[in-house]
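Keep the 3D view open as you read.

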Amino acid sequence: MCEISYRALFEQCLPPIFFSACLSWIIFSSGATVHPKRLPPPPLSLPPTKKDIIGSFPSPRSEIEILSSPHLKSFSFNELKNATRNFRTDSLLGEGGFGFVYKGWLDKETLTAGRPGSGLVVAVKKLKPEGFQGHKEWLSEVNYLGQLRHPNLVKLVGFCLEGENRLLVYEYMPRGSLENHLFKRSSQPLSWAIRIKVAVDAARGLSFLHASESQVIYRDFKASNILLDSDFNAKLSDFGLAKAGPTGDMTHVSTQVMGTQGYAAPEYVSTGRLTAKCDVYSFGVVLLEILTGRRVIDKKRVGAEQKLLDWVKPQLHDKRKVFRIMDTKLEGQYPRRAAYLAASLALQCVHTEARFRPSMAEVLAILEKLPSSKFTAPPSPEERQIVSRPSPNAHTTHL
């Protein structure tokens, strides 16, 4: 994209300092390929084509209409019991407040229970009757994932509603959650290339939801809800808290405050007013987690380091000191200027005032221009001036 089109896209939405930084990077960046040390480089991630996307649906719908989706299969409890080998412990993939997730196998043609190790591999979420995620949240997942199709949203294969049993059947994501890769000590560190790829994929998913004919606000964007397939393609999962966005002249949706501490936008927590900019805030938090390898709230740390945003902001007054916040597991294998711009973008996203946050479409456009290899060319005169400027939004506070 040329300089003029980027100026038209961002100049009115981003503060001058951040806009100038992003623009200079887009115009002057170039680099040489550096292969990740521990993991293979991710495949080229291309924007989805129209045939990959389904995003128009009427709202609201009755429960009968939701469960009659032509895109989903209604499974019996026995079918899923057989597919998961009676929910055996060695088929267990994970556990949360909602219940348990098991690995299962289905016949690719008939979607009936298949033999272990053959056919279509799926993840079966079995809700606890007394769990935090009740029928309303279960139905929300069926509603949205039964109608929305996008390469960066996890695919819902079907569901089971039988007595007190409520189950959901998803495509299997073999590399698990981004959370595990970032914070689990036993996991291999993610390279810079893969981290940027995951951020771009997640941004595409959110941007799609916000731009749908009937806007969807995800409301629960966090690292544990970003799942990775075998090629490290990232997909958003768990739509239990998703909400239809405002329509007509409405500027927001008033709703009960729900979500995860640290990821929820301050204005939403204090007023219950939900907008797409609340998702942008959550994305900024996760982007900082991707860059730093630190959790948004970590009680094991001391002082200001317990809260990621309080710790990061003072560090970014000087671009030359961006290395102070970067994940040490990267071992310095990342482009400094791109890292600074990514961190600056994250700070824009977590601005305490929603009107100063970029849209997800703007976030995506900037992330797609960041290189996934180490930058080696000398800085331009314009970039030298940018380096001496303080980081945008460095003095803001957060909830």
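**Cavities, pocket, sheet and cysteines**

Helix H9 (residues 276-292) contributes the most to the lining of the second largest cavity, supplying 3 residues. Helices (H or I, at least four residues) and strands (E, at least two) are DSSP runs, numbered from the N terminus. Before we go on, note that this is a predicted model, in which local features need pLDDT of at least 70 and side-chain atom pairs count only at pLDDT 80 or more, while totals for chains, interfaces and linings use all residues. Residues are numbered from 1 along each chain as its sequence is written, and side-chain values use heavy atoms, with hydrogens and water left out.

The structure holds 3 cavities of 30 Å³ or more. On a 1 Å grid over the protein atoms alone, a cavity is a set of points where a 1.4 Å probe fits but cannot get out, and a pocket is an open set with protein on both sides within 12 Å along at least five of seven lines; lining residues have an atom within 4 Å of a point. Grid points are joined across faces, edges and corners, and a volume is the space filled by probe spheres set on the points. The second largest cavity has a volume of about 90 Å³. It is lined by 14 residues, and Arg219, Tyr263, Ala264, Tyr268 and Ser282 are the closest to its centre.

Now turn to the largest pocket, whose volume is about 950 Å³. Its lining counts 34 residues, with Phe98, Lys125, Ser224, Asn225 and Asp238 nearest the centre. Strand S2 (92-96), strand S4 (120-127), strand S6 (165-171) and helix H6 (178-183) each supply at least two lining residues, and the largest share, 4 residues, comes from S2.

S2 also leads us to the sheet. Here 6 strands form an open sheet in the order S1-S5-S6-S4-S3-S2, with mixed pairing; two strands pair if DSSP finds at least two bridges between them. Strand S1 (73-74) and S2 are the edge strands, each pairing on one side only. Further in, strand S3 (residues 99-106) runs antiparallel to S4, joined over 8 bridges.

Finally, look for disulfides (pairs of cysteine sulfur atoms within 2.5 Å): a search of the whole structure finds 0. Cys160 is buried, with a relative accessible area of 0%, and Cys349 is buried with a value of 0%. Buried means under 20% relative accessible area (1.4 Å probe, protein chains only).

How values were computed. Buried means under 20% relative accessible area, exposed over 50%, partly exposed in between (1.4 Å probe, protein chains only).
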